[in-house]
Amino acid sequence: MSILPVPDIAIVVVAAGSGTRLGGDAPKAFVGIDSRSILRHALDGVFAARPMQVIVVAPSGFEGQAESDLLAAAGDRADLGRVVTGGGTRQESVAAGLAALWADVDTVLVHDAARALTPPAAAVDGASGVIPMLPVVDTLKKIDGEAIVAAVDRAELAAAQTPQGFPRRLLEAAYASARESGVEYTDDAALFAAAGHSVRRISGAERGFKITTQADLERAQHLLAASAPGRSLPRVGLGTDVHAFGGEGDLWLAGLEWPGEQALSGHSDGDAVAHAIVDALLGAAGLGDIGEHFGTAHPEYSGAHASVFLSRTREILAEHGFAIGNVSVQFQGNRPRFGPRRAEAQALLSGMLGAPVSVTATTTDGLGFAGRAEGISVTAVALVIPV
Ligand code: CTP
Ligand code: MG
């Protein structure tokens, strides 16, 4: 329960578009920038501003996913948030959001989730028929097909961003008349102005750009990577894995096959050394864990060997701007006798990761499941470097 007074300001975050131009495998709002989605970043910005009602307009069928992002971003302000279902056009989606406003709200901001990196301050800076705008930097031309018809003076133009702020009653009335007339407007300011109200501009923010294409997504990724705290420091990660003996066929451990040794059981080949390394690397980079990337939801990894796990992990890290520094692994178990094949295992694993991997083995003086030869327990530590 919040002890805050009910806010008189609300923000409608429209996230119901499909993202055709981005072409991701999910609606645009749920495409990841880093480990967080576009919507999650937008909401992080919104909740960093002063308390207000937050209405997220989600694509039909994705309300649950929107709810998770909302809860994660809201922290202890979860009772200010609510998810509603959007419509076929942006205008219908905004209208769906407006229908969920609390009675006490008298100022509404309308914001595109696609402007994921909009600075928090912009979300509350002025709220009465105001829109953030940026000067146009490109040279503009009026065209007709392939032909250039005229030059355009860019000093007369500016690019509109969100959040755009309006007095609630006037905006609601403007939406009602837009619906009656059947006209689709490109943004809320245009719709508001068409209803005869004036709109004032404030300065927008470079970071408030809209993620529309892959190039925009990459721009957002670079901006986040550059500004993340601790981004220039190496990062460590820890991974552990335990597997019981009792699998089919020969043992696979540390990337090697061990003929005549009892196999470990598991969804893949049971190579606990490889799995601990994967968790240590993903953990160091803050990219989730082995279950998320390789678990039973990914049947393509059933029975897979270390080379598949490690090369994919290396790829995932590279995609997120991390190089691998080194990995140190130790397993506890009576079998196999590791010493004679240590150099071979280290060379193989190092090759797979493109970084030094050292492997040590120890027994536990007969204690515990490892000492009773029921299974193997592995701990790995990894160092990764942002590049
Ligand atoms: N939007 C919405 N409902 C729609 C269409 C768009 O809520 N029916 C939202 C989008 O989710 C986005 C914002 O309006 O946050 C701006 O739209 P745009 O950038 O065009 O996003 P999409 O419509 O998803 O992308 P595209 O046009 O490439 O399909
Ligand atoms: Mg669109």
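This report walks through a predicted model, from its ligand site to its cores and a few backbone details.

Residues are numbered from 1 along each chain as its sequence is written, and chains are lettered from A and ligands numbered from 1 in the order in which they are written. Because the model is predicted, local features need pLDDT of at least 70 and side-chain atom pairs count only at pLDDT 80 or more, while totals for chains, interfaces and linings use all residues; side-chain values use heavy atoms, with hydrogens and water left out.

**Around the ligand**

Let's start with ligand 1. There are 18 residues around ligand 1, and V14, T20, K28, S93 and K210 come nearest; a residue is near a molecule if one of its heavy atoms lies within 4 Å of it. The shell divides into 5 nonpolar, 8 polar and 5 charged residues. In this grouping, Ala, Val, Leu, Ile, Met, Phe, Trp, Tyr, Cys and Pro are nonpolar, Asp, Glu, Lys and Arg are charged, and the others, Gly among them, are polar.

The protein backbone also reaches the ligand through polar contacts (pairs of N or O atoms within 3.5 Å). An oxygen atom of ligand 1 sits 2.8 Å from a backbone N or O atom of V14. For R21, a polar backbone atom is 2.8 Å from an oxygen atom of ligand 1. A114 has a backbone N or O atom 3.3 Å from an oxygen atom of the ligand. Taken alone, ligand 1 exposes 560 Å², and the protein buries 87% of that; accessible areas come from the Shrake-Rupley method with a 1.4 Å probe, and for residues only the protein chains shown count as cover.

T212 touches R21, L22 and K28, not counting residues up to four places away in sequence; contact here means heavy atoms within 4.5 Å. T212 is found in the loop between β10 (200–203) and α6 (214–227). Helices (H or I, at least four residues) and strands (E, at least two) are DSSP runs, numbered from the N terminus. With a relative accessible area of 11%, T212 is buried, a word that means under 20% relative accessible area, whereas exposed means over 50% and partly exposed lies in between (1.4 Å probe, protein chains only).

In soluble globular proteins, nonpolar side chains tend to be buried together. A nonpolar core is a set of buried Ala, Val, Leu, Ile, Met, Phe, Trp, Tyr and Cys residues joined through side-chain atoms within 4.5 Å. The largest one in this model has 46 residues, and V273, I277, L281, L317, V327, V329 and L349 have the most contacts inside it. Helix α7 (residues 272–285) gives the most to this core, with 11 residues. A second, separate core has 23 residues, including F30, L39, L43 and A66.

Leaving aside neighbours within four places in sequence, L349 is in contact with A254, G255, V273, I277, L310, V357 and V359.

**Backbone details**

Two peptide bonds in the model are worth a look. The bond from T162 to P163 is cis, with omega near 5°, and P163 lies in the loop between β8 (158–160) and β9 (164–167). R335 and P336 are also joined by a cis peptide bond, with omega about -10°; P336 belongs to the loop between β13 (322–332) and α10 (342–353).

Positive phi values turn up as well. D365, which is not a glycine, has a phi of about 60°, and this residue is in the loop between β14 (357–362) and α11 (368–371). D365 is exposed, with a relative accessible area of 73%. A373 has a positive phi near 60° and sits in the loop between α11 and β15 (375–386). At 35% relative accessibility, A373 is partly exposed.

**Distances across the chain**

Here are some pairs to locate in the viewer.

| C-alpha pair | Separation in sequence | Distance in space |
|---|---|---|
| G351 and S307 | 44 residues | 9.5 Å |

G351 is in helix α10 and is exposed, at 52% relative accessibility. A178 is in helix α4 (residues 168–181) and is buried, at 4% relative accessible area. Beyond its neighbours within four places in sequence, A178 is in contact with Q91, V183, Y185 and L191. R341 lies in the loop between β13 and α10, where R341 touches L256, E257, W258 and P259, not counting residues up to four places away in sequence.

Note on methods:
A polar contact is a pair of N or O atoms within 3.5 Å; within protein, one must be able to donate a hydrogen and the other to accept it, and residues adjacent in sequence count only if both atoms are side-chain atoms.
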